[in-house]
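Here is a short briefing on one protein model. It starts with ring contacts and then moves to the fold.

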Amino acid sequence: MNTRDEYHMAQAIRLARRGLGLAWPNPSVGAVVVTPSGEIAGRGWTAPGGRPHAEAIALERAGVKAEGSTVYVTLEPCAHEGGRGMRCSDALVAAKVRRVVIGLGDPDPRTAGRGIERLRGAGIEVEEGVLAEDAASVTLGHLMRVSEGRPAVTLKLAVGADGRMPQGHGEPVWITGPDARAHGHLLRAMNDAILVGRGTVTADNPTLTCRLPGMSCRSPVRVVLDRRLRTPPDAQLFEDIMVPVWLLCAAGETHANADRLHDLGAEIVPVPIDDHGLIDVQDALETLAHRGITRVLIEGGPSVARAFLDADLVDEAVVYQGPRPAGEGGLSPFAGDGLDRLTASGHFTFIASRSFGPDRMTWWRRIRTCSLALSAA
C-alpha cells in the first residue's frame, strides 16, 4: 500500500457515499479508473436501485483507457450473476486492467473471495485492505445485512442541555437550531429507511421526508411501528404518497383500519410481537432486511430509542444537543442514566463531533460493530 493508493481509494470512498440511501438492496460502492500516467479516466458509484454497479459505470466512462489501468474499488468486485450485465470481476478482466486495489472483501457468500480469485487467475495484480476501516464504514449496511440478517441501525437523537427530548403536542418541537436540523435531514438522505413509533406520528405529525433543497428525491422509506394500526388517517405521512410508508403491525391479529390505511398509500407489514406484547424490534429489522433495506435511521421517541438500545441493536448514534434544557416536560431516552448510556457505557466509542452554532453533534459507534467491520476487511 502506498500514498497514491490511499489517495485514490479515498476518492472511491467519497464516491460510494453519494449512493447511500439510493443503492439498496445493493451496497453503495465507489470505483476509480487511473491510467499509468496518473490520469483519472473513469469514475462511478452504484446507480439507484443497485444497478449498474460502480465498476461497470467507471469502466464504461474510461473506455479504451481502462486497458493497463489501476482500478480502485471500495468493495470486492462481484463474482455472481446479477441478472443485468456482466459480473464485475469478469468486466475488469475483459477490460484488460493491470491492477485492482480493493478496500475490503465482500462477505456475501456469492462472492466472498471469488471475485479476487477471478482477477488473480487472469493475471491481474490485486491489492487488498487499502483504507479498509473507511471502506467498511460506508459499506456497513451491507456487512450487517449479510452477517447478521438485519440493516445497520443509526439512532438519531435531539436533546436539550439536560439530555431530555422535548415532547410534541400534535406538531414538532425544536430543541436545536436550523443548521443542526439540516444536518439531520442529510442523515435521512443517506439511509434507506427512517423508523419511528406511532407515538411520534401522533405527537409530532412529521412528514419524515428529506427537506433539503433539491434533495426531496432522497427521502427514505418511512417506517412506523404501529402494533394495532392506529396511525391517524390525516397524518402528514400520507400527503406525499411518492415516498413509501410501511406500517409494521402485529402479525396474527385483526386490524380494523388496515384497508383504510392501505387505501391512503400505506403498505401493511405484519411482524411478530415479543413476550411483552410489543413489536419485536429484532424481527422488525430482519423484516426490513428481507425487503432490501441495508441502512435504517431511528428517529422515534424515547421508548423506541430505549427498545433498540436495550436490544443491543444500535450500531451508530448521532446526538444533537441544544444549549437549553428541554425542561420537566422532556422525556429521557436513556431511562434515567442520561447520555452516559452512550458516553460511559463502554459499548460505544466516540467517532466525531461538530458544532452547528450553539448546538453540538456527537457521533458514536458500537464497539462490536467496529470489530465486525474490520473483520470483513
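Two aromatic pairs occur in this predicted structure. One joins Tyr320 and Phe356, with ring centres 6.5 Å apart. The other joins Phe350 and Trp364, at 5.5 Å centre to centre.

**Aromatic pairs**

- The planes of Tyr320 and Phe356 meet at 45°, so this pair is tilted. An angle under 30 degrees would count as stacked, and one over 60 as edge-to-face.
- Tyr320 belongs to strand S12 (residues 316–321) and Phe356 to strand S13 (residues 348–356). The two residues are 36 residues apart, and their pair links distant parts of the chain.
- Tyr320 has 2% relative accessibility and counts as buried. Phe356 counts as buried too, at 8% relative accessibility.
- The pair of Phe350 and Trp364 is edge-to-face, with 75° between the planes.
- Phe350 sits in strand S13, and Trp364 in strand S14 (residues 359–366). They are 14 residues apart, and this pair also links distant parts of the chain.
- Is Phe350 buried or partly exposed? Its relative accessible area is 41%, so Phe350 is partly exposed: buried means under 20% and exposed over 50%.
- Trp364 is buried, with a relative accessible area of 11%.

**Charges over rings**

- Arg181 places its charged end over the ring of Trp174, 4.4 Å from the ring centre.
- Arg291 lies over the face of Trp246, and the distance to the ring centre is 4.8 Å.

**Sheet and packing**

- An open sheet is built from five strands in the order S2-S1-S3-S4-S5, with mixed pairing.
- Strand S2 (40–45) and strand S5 (125–127) are the edge strands, and each pairs on one side only.
- From one strand to the next, the twist averages 15°.
- Strand S3 (residues 70–75) pairs with strand S4 (residues 99–104) in the parallel sense, over five bridges. Leu75 stands opposite Leu104 in S4.
- Helix H2 (residues 54–62) packs on this sheet and touches strand S1 (30–34), S2 and S3. The direction of helix H2 makes about 150° with that of S2.

**Whole protein**

- The protein has 13 helices and 14 strands.
- It comprises 377 residues, and 53% of them count as buried.
- Among contacts with a separation of 6 or more, 71% come from residues 24 or more positions apart.

Notes: Residues are numbered from 1 along each chain as its sequence is written. This is a predicted model: local features need pLDDT of at least 70, side-chain atom pairs count only at pLDDT 80 or more; totals for chains, interfaces and linings use all residues. Side-chain values use heavy atoms; hydrogens and water are left out. Two strands pair if DSSP finds at least two bridges between them. Helices (H or I, at least four residues) and strands (E, at least two) are DSSP runs, numbered from the N terminus. Axes are lines fitted to C-alpha atoms, for helices over the stretch in contact, and angles run from 0 to 180 degrees between N-to-C directions. Contact means heavy atoms within 4.5 Å. Buried means under 20% relative accessible area, exposed over 50%, partly exposed in between (1.4 Å probe, protein chains only). Rings of Phe, Tyr and Trp (its six-membered ring) pair if their centres lie within 6.5 Å; planes under 30 degrees apart count as stacked, over 60 as edge-to-face and the rest as tilted. A charge sits over a ring if NZ of Lys or CZ of Arg is within 6 Å of the ring centre and within 35 degrees of the ring normal.
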